[in-house]
Amino acid sequence: MAESGQTFYRIIRAEEAVIDDFRSAKALGKPLRDPSQARAWEHGVSVFDSLAYAKERARAFKFLLGRWIVQVNIPSDAGIEVERTGHD
């Protein structure tokens with residue numbers, strides 16, 4: 001029986017993922033641009049729910065976010081909260 005959970009895709013800058021690829025914007029020292037997004041800035045990381053959309057976003061940003069995409073599998077009992085914050 002397969003473990004239930006969710007699968008997401010994260011754009012990364014190198015072929016191999018490193019811990020910084022999964023740090024929040026705050027942890028990476030990036031400024032808070034929108035105070036209404038303070039919680040996501042402090043604790044979140046951006047992921048996409050489809051590989052096709054992650055590829056589209058990487059291309060749309062001319063690969064400034066990264067050229068690689070890693071699959072992230074989150075078990076349902078991981079205690080990780082998922083929240084849609086984008087508008088698309």
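**Fold, surface and rings**

Guide: Along the sequence, the protein chain runs β-α-α-β. This is a predicted model.

Visitor: How many helices and strands are in the protein chain?
Guide: Helices and strands are DSSP runs, numbered from the N terminus. On that basis the protein chain has 2 helices and 2 strands.

Visitor: What box do the C-alpha atoms fill?
Guide: The box is taken along the principal axes. For the C-alpha atoms of the protein chain, its size is roughly 45 × 25 × 25 Å.

Visitor: What percentage of the residues count as buried?
Guide: Buried means under 20% relative accessible area. The protein chain has 88 residues, and the part that counts as buried is 16%.

Visitor: How much of the accessible surface belongs to carbon and sulfur atoms?
Guide: The protein chain has an accessible surface of about 7,100 Å². The share of carbon and sulfur atoms is 51%.

Visitor: Among contacts between residues at least 6 apart in sequence, what percentage join residues at least 24 apart?
Guide: A contact needs heavy atoms within 4.5 Å. Of the contacts in the protein chain that meet the separation of at least 6, those joining residues at least 24 apart make up 69%.

Visitor: How far apart are the mean positions of the positive and negative charges?
Guide: There are 13 positive and 13 negative charges in the protein chain. Their mean positions are separated by 8 Å.

Visitor: How many aromatic pairs are there, and which rings are involved?
Guide: The count is 1 aromatic pair.

Visitor: Is Phe48 buried or exposed?
Guide: The cut-off for buried is under 20%. Phe48 has 17% relative accessibility, so Phe48 is buried.

Visitor: Which residue lies over the face of Phe63?
Guide: A charge over a ring must be within 6 Å of the ring centre. Here the distance is 4.6 Å, and the residue over Phe63 is Arg67.

Visitor: Where is Lys62, and is it buried or exposed?
Guide: Lys62 sits in the loop between helix 2 (51-60) and strand 2. Its phi is near 50 degrees, a positive value in a residue other than glycine. Most residues other than glycine have a negative phi. With 69% relative accessibility, Lys62 is exposed.

Visitor: How far is Arg57 from Gly29?
Guide: Arg57 lies in helix 2. At 19% relative accessibility, Arg57 counts as buried. Arg57 and Gly29 are 28 residues apart along the chain, and their C-alpha atoms are separated by 23 Å.

Visitor: What separates the C-alpha atoms of Pro75 and Phe8?
Guide: Pro75 belongs to strand 2. Its relative accessible area is 30%, so Pro75 is partly exposed. Along the chain, Pro75 and Phe8 are 67 residues apart, while their C-alpha atoms are separated by 11 Å.

Visitor: How far apart in space are Asp77 and Ser4?
Guide: Asp77 is in the segment after strand 2 (68-75). Asp77 is exposed, at a relative accessible area of 67%. Asp77 and Ser4 are 73 residues apart in sequence, and C-alpha to C-alpha their distance is 8.8 Å.

Note on methods: Residues are numbered from 1 along each chain as its sequence is written. This is a predicted model: local features need pLDDT of at least 70, side-chain atom pairs count only at pLDDT 80 or more; totals for chains, interfaces and linings use all residues. Side-chain values use heavy atoms; hydrogens and water are left out. Helices (H or I, at least four residues) and strands (E, at least two) are DSSP runs, numbered from the N terminus. Buried means under 20% relative accessible area, exposed over 50%, partly exposed in between (1.4 Å probe, protein chains only). Accessible areas come from the Shrake-Rupley method with a 1.4 Å probe; for residues, only the protein chains shown count as cover. Lys and Arg count as positive and Asp and Glu as negative; His and the chain ends are not counted. The place of a charge is taken as NZ of Lys, CZ of Arg, CG of Asp or CD of Glu. Rings of Phe, Tyr and Trp (its six-membered ring) pair if their centres lie within 6.5 Å; planes under 30 degrees apart count as stacked, over 60 as edge-to-face and the rest as tilted. A charge sits over a ring if NZ of Lys or CZ of Arg is within 6 Å of the ring centre and within 35 degrees of the ring normal.
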